[in-house]
Amino acid sequence: RLVRTNVGGTAARRLYEAALAEDSTFARAALALAQLDEGMQQGPATARALALATTAPPLVGLLVRVEHALATDDVAAGPLADSLATRFPEEPDALLVLGRARWQGGDFADAAAAYDRVWALDSAHVRDRERPTCPACAASSGAVNALLAADSLEAAVAHARRWVAADPGYWQPWSALADILVYAGRWEEARVATDSMAARGGPEETHFRLFAAQQAGDSAGFE
C-alpha cells in the first residue's frame with residue numbers, strides 16, 4: 001500500500017487520517033502524518049508511528065526508524081539507512097532514504113549515487129501523474145543538490161536536463177533546471193527554463209524570471 005504524497009496541507013492530513021481510521025495499524029500512513037504534523041521528531045503522531053513500526057512489515061518498520069533517526073540527527077541514521085538499502089536494494093523509498101542519510105552525513109557523491117539508483121529503477125514511470133508518489137522526481141532533485149554540494153556543477157546541470165528530457169511537459173523539472181542555471185550564472189538559459197516552467201503551469205516566480213532576464217541584459221523581456 002502507498003500513501004499519496006503529491007498533495008499537501010489539509011488535504012494530505014485528511015487522507016492520512018482516513019487511512020488510519022480504516023486501518024489503525026497502517027504504519028505508512030502514521031509515518032506520513034507524523035512527518036506532516038511533527039517533522040517525525042517528537043509528539044503523539046511520531047510516537048504512534050514508532051509504535052506501529054514494531055509490528056509493521058520489515059520495509060515499513062525500518063523506514064519509520066530511519067526517518068525518525070534522520071529527523072532527530074541520530075547517529076544511527078546512517079547504519080539504519082545502510083541496512084534498509086541492503087535489505088531492499090530494488091525499493092526506491094529505501095534508496096531515497098539512503099541518499100538523504102548520505103547527504104546528511106556530508107557524503108555528497110555517495111548521495112548522488114544513491115539517487116541515481118532510484119532514477120534507474122523509476123524513471124520509466126516519471127510521466128505517470130496517477131501514481132501517489134514520484135521517486136524519480138525526488139531522486140532527480142536530490143541528485144542535483146548533492147552534486148552542487150560536491151562542486152560538480154556540470155554534472156548537476158546534466159542531471160537536471162536529463163529530468164527535463166524524461167518529462168518535458170511538466171513544470172517541475174524545468175524549475176529545477178532554472179534554479180541551477182541561475183546558480184551557475186547562465187542567465188539566458190535560466191530565462192528560457194523559467195519561461196518553459198511558467199508555460200507548463202508552474203509558479204510564475206516573476207521576480208526570479210525578471211532577475212534572470214536582467215542579468216542576461218534583456219530586462220524588457222517580461223514587460
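I began with the crossing: H4 passes H5 left-handed, a label that applies if the near helix is turned anticlockwise from the far one by less than a right angle, clockwise being right-handed. Helices here are DSSP runs (H or I, at least four residues; strands are E, at least two), numbered from the N terminus.

Before going on, I noted that this is a predicted model, where local features need pLDDT of at least 70, side-chain atom pairs count only at pLDDT 80 or more, and totals for chains, interfaces and linings use all residues. Residues are numbered from 1 along each chain as its sequence is written, and side-chain values use heavy atoms, with hydrogens and water left out.

Next I looked up who makes the contact (heavy atoms within 4.5 Å). From H4 I listed Pro58, Leu59, Leu62, Leu63, Arg65, Val66, Ala69 and Leu70, and from H5 Ala77, Leu80, Ala81, Ser83, Leu84 and Arg87. They split into 11 nonpolar, one polar and two charged. In that scheme Ala, Val, Leu, Ile, Met, Phe, Trp, Tyr, Cys and Pro are nonpolar, Asp, Glu, Lys and Arg charged, and the others, Gly among them, polar.

Then the geometry. The axes of H4 (residues 58-71) and H5 (residues 77-87) come within 9 Å and cross at roughly 155 degrees. Axes are lines fitted to C-alpha atoms, for helices over the stretch in contact, with angles from 0 to 180 degrees between N-to-C directions. So I wrote the pair down as roughly antiparallel (over 145 degrees; under 35 is roughly parallel, 65 to 115 roughly perpendicular, the rest oblique).

How much of H4 is buried? I found 11 of its 14 residues buried, so H4 is largely enclosed by the rest of the structure. Buried means under 20% relative accessible area, exposed over 50%, partly exposed in between (1.4 Å probe, protein chains only). The buried residues of H4 pack against H2 (27-38), H3 (44-53), H5 and H6 (92-104). Just after H4, I saw that Asp73 takes a positive phi of about 55 degrees.

I also checked His159, which sits in H9 (residues 153-166). His159 counts as buried at 14% relative accessibility. Leaving aside neighbours within four places in sequence, His159 touches Asp116, Ala143, Val144 and Leu147.

Last, the whole chain: I noted 12 helices and zero strands. Buried residues make up 44% of its 223 residues.
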